[in-house]
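Welcome! Open your viewer, switch to a cartoon view, and get ready to select residues as we go. Each stop tells you what to pick and what you will find there.

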Amino acid sequence: MPYDRTVMTVTAEAVELVVAAEPEIERLMGEHRQRREHWYAHEVVPWEMGRSFRDDPWDESQATLSPEVRTALQLNLLTEDNLPYYHAKIAGSFPEDSPMAGWSRLWTAEEGQHAIAIRNYLLTSRNCDPALLEDERLATVTKGWSYEAPCPIEMFAYTSAQELATRISHRNAGVKADCPVAHEVMTRVAVDENHHFMFYRGVTAAMLREAPGLVLEAIHGALADFRMPGTGIPNFNRRAVIIARAGIYSLRIHAEQVLQPLLRHWRIESLDGLDARASELQEKIMAIPVALIAQAEAFEMRLERRSKARSATA
């Protein structure tokens, strides 16, 4: 059953919790600045491979990556293209003079290079239809993205999962690319996503220590019906199935490599001294990855049956 977002609304208590976490936000942002090594997309893009699409129009025979990897890279790129909406959501959730406003500007500046690097790699290496990619970028950004988080705390829980999921998807696409340049591009992007993930996860952990009941409500809201920000991209579902079959990102990966590590880090299962509502949320949150793994097993069994059926008729 979808999460009922009417349960949680923006309250003075939630706003006060974010304000109380501001020293931790500033500390984590300082750690991030020291830890992250800035990089330059122009140094990793294979410009020497580029040539005119007017003089030499694109043809799929020119692509060097597998269709599955190309699907993953293009889907990841289109997700990155909606950055203006992500910035508007995060920046608009906090006062302009708050530490989070400063973080949102820094985060946006760093994230902005990801689409530049991936798009330039795909174009110079001719691993995309350039006209179709631009048409889909226009459709994606025109449609936009929204996330109706009823409470600012939920934004931290959602971005914790989303940044980790994006890191894994980028990394796996690079690993499966069988191209050293694509691997380097996606590794650099994935490392950035990991730094951002650590920030959001850390802020959520700090707030959880201060107000477990309130933050458990937010975590449940973010994870119970979690959707990646790329769901509005043209043919998202078909592409997601292709990527899942290729082992780049799937329900099982989401459950075992995103949700379970997050819940362990936040020590959700071991929280004690909770009231009745918080205890109920604790149980519901711990059940989320279990349910997703069951769904993943059913999906994998269907794929196996179809594979056997095709082999039998071949």
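Start by selecting helix 12 (residues 251-265) and helix 13 (residues 276-313). On the helix 12 side, pick out Leu 251, Arg 252, His 254, Ala 255, Glu 256, Leu 259, Gln 260 and Leu 263. They meet Ile 285, Met 286, Ile 288, Pro 289, Leu 292, Ile 293, Gln 295, Ala 296, Glu 297 and Glu 300 of helix 13, where contact means heavy atoms within 4.5 Å. Sorted by class, this contact has 11 nonpolar, three polar and four charged residues. Here Ala, Val, Leu, Ile, Met, Phe, Trp, Tyr, Cys and Pro count as nonpolar, Asp, Glu, Lys and Arg as charged, and the others, Gly among them, as polar.

A word on what you are viewing: this is a predicted model, in which local features need pLDDT of at least 70 and side-chain atom pairs count only at pLDDT 80 or more, while totals for chains, interfaces and linings use all residues. Residues are numbered from 1 along each chain as its sequence is written, and side-chain values use heavy atoms, with hydrogens and water left out.

How do the two helices cross? Their axes come within 8 Å and cross at roughly 165 degrees; axes are lines fitted to C-alpha atoms, for helices over the stretch in contact, with angles running from 0 to 180 degrees between N-to-C directions. That makes helix 12 roughly antiparallel to helix 13 (angles under 35 degrees count as roughly parallel, over 145 as roughly antiparallel, 65 to 115 as roughly perpendicular and the rest as oblique). Helices themselves are DSSP runs (H or I, at least four residues), numbered from the N terminus.

Now zoom in on Arg 252 and Glu 300. Their side chains meet in a salt bridge at 2.8 Å, N to O; the term stands for a side-chain nitrogen of Lys or Arg within 4 Å of a carboxyl oxygen of Asp or Glu. Arg 252 lies in helix 12 and Glu 300 in helix 13, so the pair ties together parts that are 48 residues apart in sequence. Arg 252 is partly exposed at 22% relative accessibility, and Glu 300 is partly exposed at 32% (buried means under 20% relative accessible area, exposed over 50%, partly exposed in between, with a 1.4 Å probe and protein chains only).

How many salt bridges does the structure hold? There are 17. Select Glu 217, Arg 277, Glu 280 and Lys 284 to see a network of them.

Next, select Arg 70 and Glu 60, whose side chains form a salt bridge of 3.4 Å, N to O. Arg 70 sits in helix 4 (residues 67-81) and Glu 60 in the loop between helix 3 (41-44) and helix 4, so this pair ties together parts 10 residues apart in sequence. Arg 70 is buried at 11% relative accessibility, whereas Glu 60 is partly exposed at 48%.

Stay in helix 4 and pick Thr 71. Is Thr 71 buried or exposed? At 15% relative accessibility, Thr 71 counts as buried. Leaving aside neighbours within four places in sequence, Thr 71 is in contact with Arg 239, Ile 242 and Ile 243.

For the last stop, select helix 2 (residues 22-35) and helix 6 (residues 99-125), whose axes come within 10 Å and cross at roughly 25 degrees. That makes helix 2 roughly parallel to helix 6. Residues making the contact include Ile 25 and Met 29 of helix 2 and Trp 103 and Leu 106 of helix 6.
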